[in-house]
Amino acid sequence: MRVYIGADPVTGTKRTVSRTVVGSKRDAEDVLNRLLLEAGDGRHLASGLTVGDLLDQWWPMKRPTLSPTTARDWDSCLRLHVRPHVEGMPLHKFRAMDMDRYKRLGEAGVGPQRVRRVHTILSTALGQAVRWEMIAANPALSASPPEVRERQVQPPSPAVVAAFYEGLEADDADLAMFVWLASFTGARRGELCALRWADIDLLDGSLLISRALVDGGGTLVEKDTKTHQSRRIALGHETVAKLVTYHDVAIERAAACGTSLRDEAFVFTNAVDGATPWWPDSVTHRFIRARRQADLPEGLRLHDLRHFLATRMISSGIDVRTVSGRLGHRRTSTTTDRYAAFVPAADRAAAAAFEEAFLA
């Protein structure tokens, strides 16, 4: 007997599944019913295809839709943790229990966040397989990936940030300016690297964050911000004063070399005309070296300066919507969730201030 199971997802040719039954008519009917049930469940749709075949077709289509940083990360995950474990498995037999072998990755020293990424990659690829009618259901929906606890926010104290900045101002004025802006604007590393003088309005006292720089695998790629939204950030008087001085120095440096600084020049650059920006990773390495020279805790990261701004603003009673807008979060709930531990203290301070004003 033969049952039609649909077109081949790769070639488009009609496909059937056949079985030879030795026995009674009742036996033959039982086998036929089972084949029809399996065909309805899609168990034969991808017969002959492996998980690796799916990845070969899915990844070239998916990769261009990702940011360069995410694409490089997924490339690495696919090469190191996905393909070696599941590439040769038949796609139509791939089940949730096959995905739930995450424990092996953990035992091999792969962290839970990385394992979770493996799950995301497989789930996305298998979801596409369902849309391509290679399989009837996505087994990843029934899998149990490890939970990933968000890293606890540990911002540096104002005293640490001030001491670090003062040391940098004497040893590395360029990095000092970068650290100052990171601390008082909350801008991300890539956003500051992409900052141009044309984005800064020194008269109005504001700067525009509209793009970011990322390492696209040996080349710098300029893209829009993480949330795909621009934001204008107000600057304090001290920050404006420092930027005016920094701008004047950059102009003088360019003139001394027989060139000029255009409005489109990058703020943070090694080129006297500002034509090329700092690489994000180089800023991190530079920050780490300066941190070690200042004998600061090894756990202090450049990104913690962003946390410093957020937590100080919240602790000062500034409303979460304002903080969220400055940080460039898409939703205020992101800000609230990430800095939840700092909200109650701000709420108590606001309550005390309100009572004091009311009773005065």
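Start with the open sheet of 3 strands, ordered β3-β4-β7 with antiparallel pairing. Its edge strands are β3 (200-201) and β7, each pairing on one side only. Strands here are DSSP runs of E, at least two residues, and helices are runs of H or I, at least four, numbered from the N terminus. Two strands pair if DSSP finds at least two bridges between them.

This is a predicted model, where local features need pLDDT of at least 70, side-chain atom pairs count only at pLDDT 80 or more, and totals for chains, interfaces and linings use all residues. Residues are numbered from 1 along each chain as its sequence is written, and side-chain values use heavy atoms, without hydrogens and water.

Next, select β4 (residues 206-209). It runs antiparallel to β7, joined by 4 bridges. Pick I209: its bridge partner in β7 is R231.

Move on to G236, in the loop between β7 (231-234) and α10 (237-256). Buried or exposed? G236 is partly exposed, at 38% relative accessible area (between 20%, under which a residue is buried, and 50%, over which it is exposed; 1.4 Å probe, protein chains only).

Last stop: the largest pocket. Select T69, T70, R188, K226 and H303, which lie nearest its centre among 42 lining residues. Then colour α3 (68-86), one of the elements that give two or more residues to the lining. α3 gives the most, with 5 residues.

Definitions and conventions. On a 1 Å grid over the protein atoms alone, a cavity is a set of points where a 1.4 Å probe fits but cannot get out, and a pocket is an open set with protein on both sides within 12 Å along at least five of seven lines; lining residues have an atom within 4 Å of a point.
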